[in-house]
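Student: Could you take me through some of the aromatic contacts and strands in this model?

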Amino acid sequence: HLTLICVWRRGQSRNKTLDMFPAALLVCWWCFQLTGVLDDCFCDIESIDSFNNFKIYPRVKRLTERDFFRYYRVNLKRPCPFWPDDGHCSNRDCNVEPCPEVRGQPLSSYSKAAAPVSDVASCERPTDLGAINSTLSNQSKEAFVDWDRHDDAQDHFCEIDDESSPDAAYVDLLLNPERYTGYQGPSAWRVWNSIYEENCFKPRSVYRPLNPLAPTRGETQGFYNWLEGLCLEKRVFYRLISGLHTSINMHLCSQYLLDEGWGKSVWGPNVQEFRQRFDPAETKGEGTRRLKNLYFLYLIELRALSKVAPYFDRSFINLYTGNNQEDGATKDLLLQIFNETRAFPMHFDESSMFAGKKLEAKILKEEFRLHFKNISRIMDCVGCSKCRLWGKLQTQGLGTALKILFSEKEIQSLTENSPSSAFQLTRQEIVALLNGFGR
């Protein structure tokens, strides 16, 4: 069996059926073999590819374009809690700067026709690659107030700091796609180095392979001997963080600034950047491991979606935007996705985690949770606003998936017609979970 990991050029084809595939899957410039069974589970890559490309991705793509899922409330002004913010992008201004408002479009129609090209382009000048396009119609802003009133009336028992902060604001994800911003070098390395070296249960004497901040750039065999000697839970933690890192890098390679042009930027796949990060020959074999960890992350989040389905099956759970017809169609599409995830035959078995002695398992689970929480705080140290946006969203999405997997008993005990204090999901957790999975 052979899976092709490819960099594709969409612009060379007018075949609309190709648009159903993820960003990395259309006219191949360069490819290599990625095949076989993933570590720590019994699922093969070929089965995941087929299931995702034909059953899941087309529906998730449509879902994340709907009003409920396209707007994400986030605090991008929180200072880094660990070191002075010295990050920089390749442009003069990475701060959040509002664009001219789009007037006269109600929220329900705004989701179907985004801002005019001229308005979007004005937010994507080469000098503002890392800035947030905060274009929102007046009707959208008024609708968000209604959304907040609705959410505050719900029986939530898990408050997330970003949601309650006065600095939190809604961001239109469709106007701020995850792509290259020029944020790189020592500042970006320090963020990932802190995540890997201080939060992945690793002793300082063991260096991650190809780590640009390590004195010897890491020693591969010693690192993987250490990793395989860990308990399952700690191996899973490392592979999830590596998979998240791979996902982010994959999108930066797929949507790279190829030409600044005259008044209009040209975005597309950067083959050399992709090879530099994932070609086994250029990464001493690390590229293959990184990509397999991306598949492993996919499996974990897929499992979470299948486990949380009963929460959304209840009739009183709605995806509120104030437009009843839109809300009903959005929930129907979400339930279709859940039905597909439940039918997947090779789910990751989370019951094998934290299955030892009760006290030891409880301590390890809390350690697992605190390490991940610390990583979510490190995302406030990312020096580029757009990178911080997507880093925080995908981290919260993965955190929500882990919350679901660790709450099986609470989900099973949910009542049909009333909220439960044992398990709740906020609007932002739901938006982050599905958009993170969509990445």
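Predicted model: local features only at pLDDT ≥ 70, side-chain atom pairs only at ≥ 80, totals over all residues.

Student: How many aromatic pairs does a search of the whole structure find?

Tutor: The search finds 20 aromatic pairs. In one of them, the ring centres of Phe 51 and Phe 344 are 4.6 Å apart and the planes stand at 50°, so this pair is tilted.

Student: Where do Phe 51 and Phe 344 lie?

Tutor: Phe 51 belongs to helix α1, and Phe 344 to the loop between α12 and α13, so the pair ties together parts 293 residues apart in sequence.

Student: Is Phe 51 buried or exposed?

Tutor: Phe 51 is buried, at 8% relative accessible area. Phe 344 is buried as well, at 5%.

Student: What about Phe 223 and Tyr 224?

Tutor: They form an edge-to-face pair, with 4.9 Å from centre to centre and 90° between the planes. Both belong to a cluster linked by ring pairs, which also includes Trp 192, Tyr 196, Trp 226 and Tyr 238.

Student: Which residue lies over the face of Tyr 224?

Tutor: Arg 289 does, at 3.9 Å from the ring centre. Tyr 224 itself is buried, with a relative accessible area of 11%.

Student: Changing topic, how do β1 and β2 pair?

Tutor: Strands β1 and β2 pair in the antiparallel sense over four bridges, and Arg 73 stands opposite Tyr 170 in β2.

Student: Which way do the β1 residues point?

Tutor: Tyr 71 and Arg 73 point one way, whereas Tyr 72 and Val 74 point the other way; all are buried.

How values were computed: Residues numbered from 1 in each chain as written. Heavy atoms only, no water. Buried < 20%, exposed > 50% of the residue type's maximum accessible area, 1.4 Å probe, protein only. Helix = DSSP H or I, 4+ residues; strand = E, 2+ residues; numbered from the N terminus. Pairing = 2+ DSSP bridges. Phe/Tyr/Trp six-rings, centres within 6.5 Å; stacked < 30°, edge-to-face > 60°. Lys NZ or Arg CZ within 6 Å of the ring centre and 35° of its normal.
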